[in-house]
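Subject: Handover of a structure and the findings on it

Dear colleague,

Please find below the structure that I am handing over to you. I would be grateful if you kept it open while reading the notes that come after it.

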Amino acid sequence: MNHKQKLTFGRTFTISFLTVLCLAIWPNVSRAVIATPEDMVLVNAGGFTRGIDNTKNNTFMDEAPAKMIYLSSYYIDKFEVSNSKYTEFIIARDHPAPAYWDQRKLNQPNQPVTGVNWFDADTYCHWANKRLPTEAEWEKAARGPAGSTYPWGDKLEYSKANFAKGKSGQKYITDSVDAHPDGKSYYGAYNMAGNVFEWVQDWYSSNYYSTDETRNPIGPKLQKVKNVAAVSSKPEPELKKKVIRGGSWFAPAQSITTTHRFWNDPINNSYGVGLGFRCAQNLANDLEAEARSFYMKTLILVGDEKYKKALSSITNALIGSPKNKEYRAVKLLIEKELNP
Amino acid sequence: MNVKKYAFLMFITIFFICSQKDVYGNALRDSVEMKTIPAGEFIMGSKMDEGRADERPQRKIYLDSYEIDSYEVSNNQYLNFIRSTGRKDPLNPYSEILLSDEAGVGNLPIVQVTWYDAVDYCRWAGKYLPSESQWEKAARGEKGLVFPWGSKKPSQELANYQKNWDGIQTLWPVSAKIESSSPYGVIGMAGNAREWVKDWYSPEYYKNAPSSNPQGPSVGILKVIKGGSWHSFKSDIRSASRGKGGFALKTDGIGFRCAK
């Protein structure tokens with residue numbers, strides 16, 4: 001065999017080898033998809049554009065600059081937590097009712113719970129075996145990989161969300177948590193724009209988007225909060241704020257963009273007649289699943305002979321699962337293809 | 001000419017004195033019955049096995065004597081205040097017409113009022129908004145009852161709670177249910193309308209409060225709201241239970257009463 005034949009043979013061998021591998025691990029991957037918890041959506045590991053550069057109109061300084069952020073896979077609630085879900089929690093944990101509990105235009109079972117503070121939201125999520133999403137997780141779930149301005153795209157459409165006092169004067173002022181299906185995000189999350197503001201995990205800092213934390217960022221590390229008392233006993237102005245996202249039924253159009261950042265005191269349950277939340281959850285065996293999904297991607301890239309991209313993908317897989325022999329072998333194969 | 005000028009000056013002076021009296025006058029402007037709560041200690045807060053963390057520990061607190069409204073402030077009372085001060089009508093929870101034009105609701109408790117509305121009303125009436133401790137003592141007496149009527153579990157016979165909105169049937173008249181009144185005869189301290197009190201909310205306050213005439217923390221973000229309302233679960237209508245909300249919060253279930 002001459003050199004060229006050798007290469008072709010090698011390539012054919014590699015591709016068929018990888019195809020077999022692909023088929024072998026596919027059931028595992030599809031099982032992971034099927035296992036998405038009820039009423040949650042999967043946001044796959046990968047990069048997304050967080051924030052927006054200040055060259056555009058109607059954006060605020062704290063949303064800049066636009067930056068590529070890497071996030072591991074996670075699940076996020078498809079809907080804002082409803083009054084009926086929150087009722088289960090109140091009963092199970094003898095938790096106090098939220099601020100707008102006796103406001104009939106807001107307290108129907110399928111409307112989002114309104115009038116919770118950050119501690120209520122955090123306690124609920126842990127009760128549900130979940131957690132609050134980080135600010136970056138919230139933003140990625142809302143805007144999708146293409147970085148759209150609104151969950152559904154780049155054009156403001158009044159029919160796709162409840163905002164700008166959209167429902168005031170009507171029988172109910174917030175919409176059901178499953179309303180506006182055509183306004184859902186790329187990943188399938190509903191009402192990420194309008195309806196109620198949503199608490200996220202992070203502390204608020206106006207310059208956080210310009211920091212170097214680009215891999216699974218968790219917000220500024222200002223102080224560790226163990227309970228309500230630790231925060232509220234701090235006198236002003238050390239009192240720190242938590243981020244709220246997404247705008248509300250009451251909020252004007254410029255505050256319902258996927259990049260808009262707002263803040264509220266973590267103990268304040270009454271901000272703006274519309275303060276709710278949704279939860280997120282880690283993938284079971286997170287790193288492993290993530291590495292696997294990078295590996296899958298690698299095999300597809302190799303099949304397309306896109307070796308440079310394949311190399312970066314397999315490198316990511318090895319971050320999650322550094323000792324995996326399968327991954328290492330594939331990496332060697334790719335390196336050989338790149339430098340024969 | 002001079003006489004005219006003099007008369008005009010007199011008129012201005014009298015008007016000025018009268019309007020001053022409007023603000024500082026001590027005369028009670030609502031004729032609602034009040035109960036006297038004698039000076040002395042009472043049991044405030046909840047024991048370890050009862051209630052929530054922010055109500056603990058249970059302590060003996062001394063309060064000077066004071067009076068408190070026997071009932072929640074009614075729509076009629078509040079509308080008198082609106083008329084005599086030229087303020088805007090509060091939101092009408094029952095329909096789209098003005099609250100003053102709504103029939104059959106005069107004796108229901110006023111709701112849809114902010115903490116400032118409550119403070120202003122009490123001041124206008126020559127009274128003040130009770131402190132959290134004054135409210136709690138008036139509700140549960142000296143011996144630390146769980147509910148105003150005792151430790152018996154609440155029922156729809158005793159209290160208006162855990163109900164869904166039902167138009168003008170939702171809230172009870174302010175004088176309803178003498179049988180569930182507190183040891184001092186104060187009515188409506190569990191359920192019906194939640195009630196604004198003067199104090200800022202701090203989850204630590206039951207631990208740190210002075211044991212004599214506590215007035216609440218000096219700063220805060222939320223005000224305390226006591227007693228629970230028509231939609232509350234039973235845990236939230238306990239006398240020690242501590243609701244909370246920003247001073248601009250308004251709902252179909254938040255009202256108040258005054259003290260003096």
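The notes below describe what was found, beginning with the two chains and ending with single residues.

Please bear in mind throughout that this is a predicted model.

**The two chains**

Chain A has 340 residues, of which 47% are buried. Its secondary structure consists of eight helices and nine strands. Of the contacts in chain A between residues at least 6 apart in sequence, 73% join residues at least 24 apart.

Chain B has 260 residues, and 46% of them are buried. In this chain there are five helices and eight strands. Of the contacts in chain B with a separation of 6 or more, 75% are between residues 24 or more positions apart.

Chain A is itself divided into two domains. Domain 1 is made of two stretches, 3-35 and 285-338, while domain 2 covers 40-282. Four residues from domain 1 and five residues from domain 2 of chain A make the contact between these domains. The side of domain 1 that touches domain 2 has one nonpolar, one polar and two charged residues.

**The nonpolar cores**

The largest nonpolar core has 105 residues. The residues with the most contacts inside this core come from both chains: Ile76(A), Ala121(A), Leu132(A), Ala141(A) and Ala189(A) belong to chain A, and Ala118(B) and Trp196(B) to chain B. Leaving aside neighbours within four places in sequence, Ala141(A) is in contact with Val43(A), Ile76(A), Pro133(A), Ser185(A), Tyr187(A), Ala189(A) and Met192(A). Another core, of 11 residues, lies apart from the largest one, and its members include Leu299(A), Val302(A), Ala317(A) and Tyr327(A).

**A sheet in chain B**

Chain B contains an open sheet of four strands in the order β7-β6-β5-β8, with mixed pairing. Which strands stand at the edges of this sheet? They are β7 (242-245) and β8 (254-255) of chain B; each has a single partner strand, so one side of each is left without a neighbour in the sheet. Strand β6 (residues 223-226) of chain B runs antiparallel to β7(B), and four bridges join the two. One pair to look for is Val224(B) with Lys244(B), its bridge partner in β7(B).

**Peptide bonds and backbone angles**

Pro65(A) is placed in the loop between β2 (46-50) and β3 (67-71) of chain A. In chain B, the peptide bond from Arg56(B) to Pro57(B) is cis, and its omega is near 0 degrees. Pro57(B) is found in the loop between β2 (40-44) and β3 (59-63) of chain B.

Asn129(A) is not a glycine, yet its phi is positive, near 60 degrees. This residue sits in the loop between α3 and α4 (135-143) of chain A. With 15 C-beta neighbours inside 10 Å, Asn213(B) counts as partly exposed.

**One further loop residue**

Gln108(A) lies in the loop between α2 (83-93) and α3 (118-127) of chain A. Gln108(A) has 16 C-beta neighbours inside 10 Å and therefore counts as partly exposed. Not counting residues up to four places away in sequence, Gln108(A) touches Asn83(A) and Tyr172(A). Lys130(A) is 22 residues from Gln108(A) along the chain, and the C-alpha atoms of the two are separated by 24 Å.

Yours sincerely,

A colleague

Notes:
Residues numbered from 1 in each chain as written. Chains lettered and ligands numbered in written order. Predicted model: local features only at pLDDT ≥ 70, side-chain atom pairs only at ≥ 80, totals over all residues. Domains from an automatic or database assignment. Contact = placed C-beta atoms within 7 Å. Nonpolar A, V, L, I, M, F, W, Y, C, P; charged D, E, K, R; others polar. Buried ≥ 20, exposed ≤ 12 C-beta atoms within 10 Å, placed from the backbone. Pairing = 2+ DSSP bridges. Core = buried A, V, L, I, M, F, W, Y, C linked by C-beta atoms within 7 Å.
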